[in-house]
Amino acid sequence: MTNQTSSTSEIPLIVEMRGIVKRFPGVLANDHVNFELKRGEIHGLLGENGAGKSTLMNILAGLYRQEAGTILVNGKPKVFSSPRDAIKAGIGMVHQHFMLVPSQTVTENILLGLDDPRFIMRLPEYDSKIAELGERFGLKVDPRAKIWQLSVGEQQRVEILKMLYRGVNVLIMDEPTAVLAPQEIEGLFETLRAMIAQGKSVIFISHKLQEVSAIADRVSVLRKGVATASGVASKGVSRQELARLMVGRDVIFALDKKPGKPGDVVLDVRDIYADNDKGLPALRGLSLNVHAGEIVGVAGVAGNGQSELSQVISGMRQCKQGQVILAGDEVSNHSTLFGIQHGMAYVPEDRTHVGSAPNLSITDNVIMKKYRKPPILKNGLLDMKAATKLANELKQAYDIIVPNVSTPVRLLSGGNLQRVILAREISGLPSFMVAVQPTRGLDVGAIEGVHRLLLAQREAGAAVLLVSEELEELLSLSDRVYVIYEGKIMGEVMVKGEGHDEALVDTIGQMMTGTPLDQIQNEGVAANG
Amino acid sequence: MAESTALNKKRSPFRIRVEPRLSEPPAWYPAAVTFAALIVALILGGVLISFAGGDPIRSYQHIAKASFGDIGVLSDTIVKATPIILAALACSVAFRMKLWNIGAEGQFIMGAFGASAIVLAPVLPAETPRIIFIPVMIIAGMAAGAVWGFIPGYLKAKFNVNEIISTLMLNYVAVAWMNFWIFGVWTEGGFQMSPKFPQTAWLPRLLEYAKTFPAFRGLTTHLGLVIGIVAAVILWFIIFRSRWGYEIRLIGDNPHAAQYAGINIKQNIIWVMMLSGALAGLGGMSEVSGVVHRLQTAPLAAGYGFTGIIVAWLAKLNPLVIIVASILFGALILAGREIQPSGVPKMIQGIILVCLIASDFMLRYRIVIDRGEE
C-alpha cells in the first residue's frame, strides 16, 4: 500500500472537503480545512483533543453542518442535512460512544431504522445475511447474541457491520482504539485491512501517533482547527514530526527523571483475593509493595484485575482474604474514608463516573476530600470563601484552563478534568497515591503534564502505584514494574535508566501473556547453557 | 453544484437546527427560561379556556383579582401557600439526592396526625399554655413525618427497595391510618372528624391581633408562614453551606464519586428521607393547627404533598425560590376555585408542569436558525 507519486494522481478521490469552516461558541473548530480521501486507503486523522478532528468528520457524516466550504463525493458536490443523507452517499461513521440497544440482538440492532424488513421480522433470514457479511470482512460476531452479552470489541464490530450493511463505502472510525484491549486492536486493524482490500476507504481518527503510523497509508493532522498536514504518506514521516505537527512544538518523550531514593515500605499488599462485579474471582493471591519515593508500575492487559486491585487498595471494594497495609495500618475492608484519613490519594480509572461530580463546580470538586477539615470546614459550615480560594490556587498551580472555578466540571476537556482530579489528590499531600490509567484519552501535551506531576510526587517522597496499559509510560516513569495476569503477579522487574532495552520489554510481554518470571529466567538459563 | 443548491433552497428558505450547548448559559438565562415557560403555559391554558367557551383574559384577570386583589385574598393565598412551602421543601431535599420521595402527602398526613395526637390522646391537657402546646405539637408532627420517611429510607438503604413505590404506597397507608383514628377513636359524635382543638393548640393568626392593628381584622394568615420561611432559610444553609448539604449534593450528582470521597451513602439515604419526612410532617402540623383545627380527612389529604412535587421542580429545588413558587400555586388553587371547582385550575397546574419540564430542553440545547447560506 505504498503511495508512489506517479500513481497518486490516478487513484480517484472519493471524498473531497474544501475550505470547511465550523464555529462553536467561543471556538473556531474548523478553520478552512481541506481534506481528501482516496479510494482504497486508510487515512489517519491526527490531532490533540479539541483539535477539531471529530467536528470535521461529524460534518462529513452529516451530523453537523459546515458554515462554509463544500463537500464533494466522487467529484459531485453534496449537501448532507442528516446522517441518513451521508449514508445514502456511502459515508458512515462509527462513533466513540456506541449507539446500540443493549436488550436487542445484533441483527435487530443492525436492521434498526431500515425500511426492510417492513412488517414481519424474518430474523433468521437476516441473521445469515449478517453472518455472511461479517465473514467477508473478518468481523466475527454472533448475529443472535444480545448486545449486553458482547464485549466492547464485539460491540464495535456490530457498529461497523451496521455501516457495511447499509452499503457504506467510506467508513469513519472515531478513536476506535480508545475502548479496546491491545489484542482487540490488532483484530480491528485486520478488519480495516480486509475492508481496504475490498475497495472500501477508511478514515481513522486518533491522537495516538503509534497507531496511526501503524495502520494509515496517509495522514492528515489538525491543530486548533487548522490542517497542519494534508495527506502525507505515513511511511515518509517520523513520529517526532507528526507530534510536532500536532502540538506545534517538540514533545519531549524522554522525561528527565532523577535517580530514585526509595525509603521505607509505605504500601504492603499481602496475598489478597477479591471478586469482580460479576462475582467471579478477579484477584487471586496478589502481593506487592511500594516504598516511599518510588513509582511502582503495574503492567498488564486490560481486565486482568487492575481495576479491582486499585479498588481494594482504596477501600471501594471488599477483599475476601489478605491484607492491605498502609504505613503500618490495615486499610483493606475499611471504608474509603479510612484510607483518605490515612493519607491515601486515588486517581481513579473513570474520571467522569467516579473521579468527579459532573454538574458540581470545580470548587465543589476540589474540596471532595478536604471538606471535613479546616480551613474548608468552619464552625460546622463550609467556608465557601476558603474553598473558592483553594480552587483558584489549584487552577493557577495546575494550569487548569477555565474562565472561572464555578464552572461545572462536565464542561471541561479530558485533560483539564484530569488536572482537576490530580490537583485535588496531590494537594492533599498524600504519602501514597494510586493512579489508574492517569493519561488515558489525553493528548500529548496533557500526558506530559501528568507525567511531570507524578514524578514530582516521587521526588517529594510519596509512594506511587501506577496502573497503566501503556508500556512506554510505565517504563519511562517507574522504578519497578510488576506484571499482572489473571489476578496474580507474574513477576517484578527493575527499570534502570532511560534506555528501554528490548530484552526487558520482551520479558514483560511474556509475563503479560501469562508466563511467570522464574519460568522465563529458567528457559533463558537453559538456552544459554 | 448549482442544481443541488437550488433544490436545497427551494425546500427550505431557512432551517432550524438544535445543537447541544457546549458552554454554560449566563446566570440569568435559567430564570428567564422558567419565566418564559410560565408565560407559554398561561397562553396555552388561555387557548384551552377559550375552546371551552370562556374568555381567557377575563379568567386570568379574575384569578389575579381573586388571589392578589386585596389584602384579604392575599392573606388567603398565603394560607394556601403555607402547607405547599413545607411540602415542597420536603420534596426538594429528597430530590436533591435523587431520592424520589413521592410520599410527602403521606408524611404530611402523619405530621398532622402526630400533632393532633398531642391534643386528642390527650398527651397535654387542654389548658396547657400555647407556648408549650405549639412546640410540643411541632416536635410530634415532625417526628411522625420523620418516621414515615424513615421507613422507605431504611428499606432503600438496607434492601434497595424502590422508594418511588414504597413512598407512594405509604401515602395510602397514612390516609387509612388517619381515617381509623377519625372514625374509630376520636370521632365527634359519629361525624368523620375529630372534636375541635382548644384554642391553645391553634397556631397564632393575624386576626387575633386585630385589636392592636385594625388592619389585621379577618386575616387568617398564621404562624405557619413564618415556620415555612424559617425552614426554607435553614434548609438553604444546610444544602449550600453545611458539610451535610455538600454530601447530599455530591451523592445526588454522582453517587460513585461520593463513595470515592468516603461518604456513607446508605446512612445519608436514611437521614435525608427522615429530614424530608419531618419537613412534610411539619407542614401537616402547621395545616392542622393553623387552619383546620381538628383532624379531618378532606382538608388535610388535599394533595399538598403532590403539589409540593411540582413546586419543588418549578423552583429548581432551591429552597428560597420555593417560597415564591408556592405563593403562585397557592394563588392558583385559591382563585381556581373561584372560577370552577375543579377542571381549569388543575389543568393550568398540569400545563405549567409540562412546560417547565419541556423548558429544561432549552437549558441543555440551543436552537440555531440558518438562513439558506452557501
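Where in chain B does Pro122(B) lie? Pro122(B) is placed in the loop between helix 5 (104-120) and helix 6 of chain B, where helices (H or I, at least four residues) and strands (E, at least two) are DSSP runs, numbered from the N terminus. The structure is a predicted model, in which local features need pLDDT of at least 70 and side-chain atom pairs count only at pLDDT 80 or more, while totals for chains, interfaces and linings use all residues. Residues are numbered from 1 along each chain as its sequence is written, and chains are lettered from A and ligands numbered from 1 in the order in which they are written.

**Chain B overall**

- Chain B has 15 helices and two strands, and its C-alpha trace spans about 90 × 55 × 40 Å along the principal axes.
- Of the 374 residues of chain B, 44% count as buried; a residue is buried if 20 or more other C-beta atoms lie within 10 Å of its own, exposed if 12 or fewer, and partly exposed in between, with C-beta atoms placed from the backbone.
- Among contacts in chain B between residues at least 6 apart in sequence, 78% join residues at least 24 apart, two residues being in contact if their C-beta atoms, placed from the backbone, lie within 7 Å.

**Helix packing in chain B**

- Helix 6 (residues 130-159) and helix 11 (residues 265-292) of chain B pack at an angle of about 145°, with their axes 6 Å apart; axes are lines fitted to C-alpha atoms, for helices over the stretch in contact, and angles run from 0 to 180 degrees between N-to-C directions.
- By class, the contact of helix 6 of chain B with helix 11 of chain B has 18 nonpolar, nine polar and two charged residues, where Ala, Val, Leu, Ile, Met, Phe, Trp, Tyr, Cys and Pro count as nonpolar, Asp, Glu, Lys and Arg as charged, and the others, Gly among them, as polar.

- The C-alpha centres of domain 1 of chain A and domain 2 of chain A lie 35 Å apart.
- Not counting residues up to four places away in sequence, Leu89(B) touches Ala231(B), Ala232(B), Leu235(B), Leu279(B), Pro319(B) and Ile322(B).

**Interface between the chains**

- In the contact between the two chains, 31 residues of chain A meet 21 residues of chain B.
- On the side of chain A that touches chain B, the elements that give two or more residues are helix 11 (336-341) and strand 18 (381-382) of chain A, and the largest share, three residues, comes from helix 11 of chain A.
- The residues on that side of chain A divide into 20 nonpolar, nine polar and two charged.

**Buried residues in chain A**

- Leu37(A) lies in strand 2 (residues 27-38) of chain A and counts as buried because 25 other C-beta atoms are within 10 Å.
- Leaving aside neighbours within four places in sequence, the contacts of Leu37(A) are Leu13(A), Ile14(A), Val15(A), His43(A), Val170(A), Ser201(A) and Ile203(A).
- Val141(A), in the loop between helix 5 (123-137) and helix 6 (152-165) of chain A, is buried, with 20 other C-beta atoms within 10 Å.

**Backbone features**

- A cis peptide bond joins Ala121(B) and Pro122(B), with omega about -15°.
- The peptide bond from Pro374(A) to Pro375(A) is cis, with omega near 5°, and Pro375(A) is in the loop between helix 12 (362-366) and strand 17 (377-378) of chain A.
- Glu175(A) has a positive phi of about 45° although it is not a glycine; Glu175(A) lies in the loop between strand 7 (170-174) and helix 7 (182-197) of chain A and is buried, with 20 other C-beta atoms within 10 Å.
- Asn160(B), a residue other than glycine, has a positive phi near 55°; Asn160(B) lies in the loop between helix 6 and helix 7 (163-185) of chain B and is exposed, with 10 other C-beta atoms within 10 Å.

Conventions
Domain bounds come from an automatic or database domain assignment.
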